[in-house]
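Biologist: I would like to learn how to read helix packing and chain contacts. Please take me through one case.

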Amino acid sequence: MKAGVSATESAKTNGSYNIAIAIDNVSFSHNAAHSERARLFIEIEQWHLYRGEHVFLSGPSGSGKSTFLNLLSGTLTPDSGTISLLEQPFSALSNKQRDRFRANNIGVVFQQFNLIPYLSVKQNVKAALYFAGANIKDKALDERILKLLNDLQLSNQLLNAKADTLSVGQQQRVAIARALINTPDILIVDEPTSALDAKARDSFMDVLKKLAKNSALVFVSHDPYLKKYFSRHMSMHQFTPNHQKVAGVSDASRDASPC
Amino acid sequence: MLTTIAIESLKRRKNTALLTLVSIVISVSLLLSVDIIRSQVKGSFTRTVSGVDVIVGAPSGQLNLLLSSVFNLTTPSKGISWDRVSSLNSDPRVSWLIPLSLGDTHSGNRVVGTTNAYFEHFKYGDKQPLVFAEGGPFAHVGSAVIGADVAESLGYRVDDSIVISHGLGNVSFRQHDGFPFSVTGVLEKTGTPVDKAVYVTLIGLEKAHEHAGPSGIVKPSQSIQRPSNLHAQAHAHTDGETAVHDKDDHDKISHEKAEPEEAGHKEKRYEGDNSPHAHEEDTERQRMGEMDVENNTVSSVSAVMLGLKNRVTALQLQYQLNQRNNEPVLAILPGMALAELWQIMGNVEALLLLLSSLIVMSALIGLATMLLATMRERYQEIAVLRTIGASPAALLILVQLEALLIALAGCGVSLLVVTGLLTALKPWLSAEFGLFLSDTLLSSNSLAIVILVLASTYIVSFFPAYAAYKRGLHAELNSQ
């Protein structure tokens, strides 16, 4: 292992949790021909996250956080090694199977550009149901959407409002609703609070933690203030052996060894 | 859901989408119009004559004879003698014969001198006979039978009196007002040139010409006059004067219906005295009415339509007639003449269709370009869709769906525009070009065009759709 952390089992791992994410000897490098990004290597020997476990991931810009999330969500495929999600070898699935798996089991919230701007709140949430294979004409689903939006303290009056007419805070809540509507086991949240003020940020975190309590949550943020919401903290780090930029993860809450 | 996303996406880009839609509507409308008019012209021509085996006229040209005798188009050639008509009538191969005398008009409608054989034997469409909506065939020499459009547009009914004009065109300067005709029958609508024709007896027409006299007196254009006015002109005619009415006067009277019962009063109003010509005319008409309407001996006719006992003899008869040296005539087979017409029109049709198709293709390429141009601004949208589980194939379908929705809307609007426009232009097309559009403008061809346009859209939109697909393959979370 050139970089990364041996993710030893924490005390939290008492067997009552199933493994939601398991990374085993994964390496990845952006193909310069297909990417505008600088050449970046990521190498992670072993790393696990359990259902119901919430982890805070930080790291400087360009450290490979987004690449790491893309690997987790299956939009990028590792060059070698295995990523297993919900105890299934995710990286071995076909593209189609991966898309359907993602729709059903992974919820994603971005920093911005979360929603399709020309769709209404309801349509944005329904789109996630549709791609997960749900029968979107089912009235029960409408009820589910309404309940989720209420839990997120979003007014019913906003149901048919176009996404781009909402405030940033409202958009982030809708994004959470969309991410949670399929009750995913894994939730990936990438710097969702950067555009929110302090009050909105705290409110957002409370709702997120509450609604995602049964999911494995990977929460990426630069804001050290938010660490307090998480019992497990990780950071992406870089080093440059042989003039190559290599990134790995260190798990501060566990027996993290520096690269 | 994909359709909803596609519709909302197009609504978001409504300006570019609308412009693209307009270009598709224009191009598809053009293609549909060309095709509809092409098939309507063909249908209209084919519908016009049915069951006529041979048409005989003076040697002029196959198409000219066909167009003048059947379609009331072009200028009729000089006539063929009655002797020749009689000899044709006595030919054992001939079952029936319809003589036609052409060259006059009434309010822009062709006047056809013929016999009752016309109403008995002439058929249109799928061998449908002519049916009278009102009245019946010629009852006396001064009888006239009018087509449905003539009756409708000029408001004529049975027993109305009409006067024909010499020569063709809407504006004629010579009226055969010395011999007015009275309407004895109005034909049911046929959707053929019959609707816009005025049929008078052969002898009546010849009499009308005789009444016009040899001097060729120039008169103001009056398609139809009140009897009083006729009398006024009769004065001018008999006195050898040239009467010129101003335009307003012409406009005022050109659409008025002749009302014989008011003749006396009107006469007073126009002339201030009781013209003796009124009585002369009435006497003349009475005399004509007593003549045998079936005695059709005239000096010559413009053409003759023949129905044969056995159609197999048509080619033989045509050959024999065309070979005669004494008083040469031209015999044509309507079907073959129409085939020649289509041959001439075929190339023009093909060219028009090709041009229209190219215009449609350029509009569809414009649609693809519009979608391709928006692709860059849709990268975020693609990334979002991918992360919520949309496959690259779903993105491909989404873009193609957008293209198909615009094309479908374009085709729908085009069908409405073309149907509406052609329906609105129906009277004008029949009046100006003798093109009788049927009530059902759209055909399986129109459907085929719509399907072809949609299929082309599907193919052309593959390029932007593939760009979305490729982008989807490499889309990453939060990529910008």
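Biologist: Is the crossing of H2(B) and H13(B) left-handed or right-handed?

Modeller: A crossing is left-handed if the near helix is turned anticlockwise from the far one by less than a right angle, and right-handed if clockwise. Here H2(B) passes H13(B) in a left-handed crossing. This is a predicted model: local features need pLDDT of at least 70, side-chain atom pairs count only at pLDDT 80 or more, and totals for chains, interfaces and linings use all residues. Residues are numbered from 1 along each chain as its sequence is written, with chains lettered from A and ligands numbered from 1 in the order in which they are written.

Biologist: At what angle do the axes of H2(B) and H13(B) cross?

Modeller: Axes are lines fitted to C-alpha atoms over the stretch in contact, with angles from 0 to 180 degrees between N-to-C directions. H2 (residues 14-48) and H13 (residues 334-374) of chain B cross at roughly 170°, and their axes come within 9 Å. The two are therefore roughly antiparallel (over 145 degrees). Their contact has 15 nonpolar, eight polar and four charged residues.

Biologist: How many residues of chain A are in contact with chain B?

Modeller: Contact means C-beta atoms, placed from the backbone, within 7 Å. By that test, 31 residues of chain A meet 21 residues of chain B. H3(A) gives the largest share of chain A's side, six residues.

Biologist: Which stretches of chain B does UniProt annotate as "transmembrane region"?

Modeller: The unreviewed entry lists residues 17-37, 351-373, 394-425 and 445-469 of chain B. Such annotations may be inferred rather than shown by experiment. Residues 17-37 of chain B are 100% helix, with end C-alpha atoms 29 Å apart.

Methods: Two residues are in contact if their C-beta atoms, placed from the backbone, lie within 7 Å. Helices (H or I, at least four residues) and strands (E, at least two) are DSSP runs, numbered from the N terminus. Angles under 35 degrees count as roughly parallel, over 145 as roughly antiparallel, 65 to 115 as roughly perpendicular and the rest as oblique. Ala, Val, Leu, Ile, Met, Phe, Trp, Tyr, Cys and Pro count as nonpolar, Asp, Glu, Lys and Arg as charged, and the others, Gly among them, as polar.
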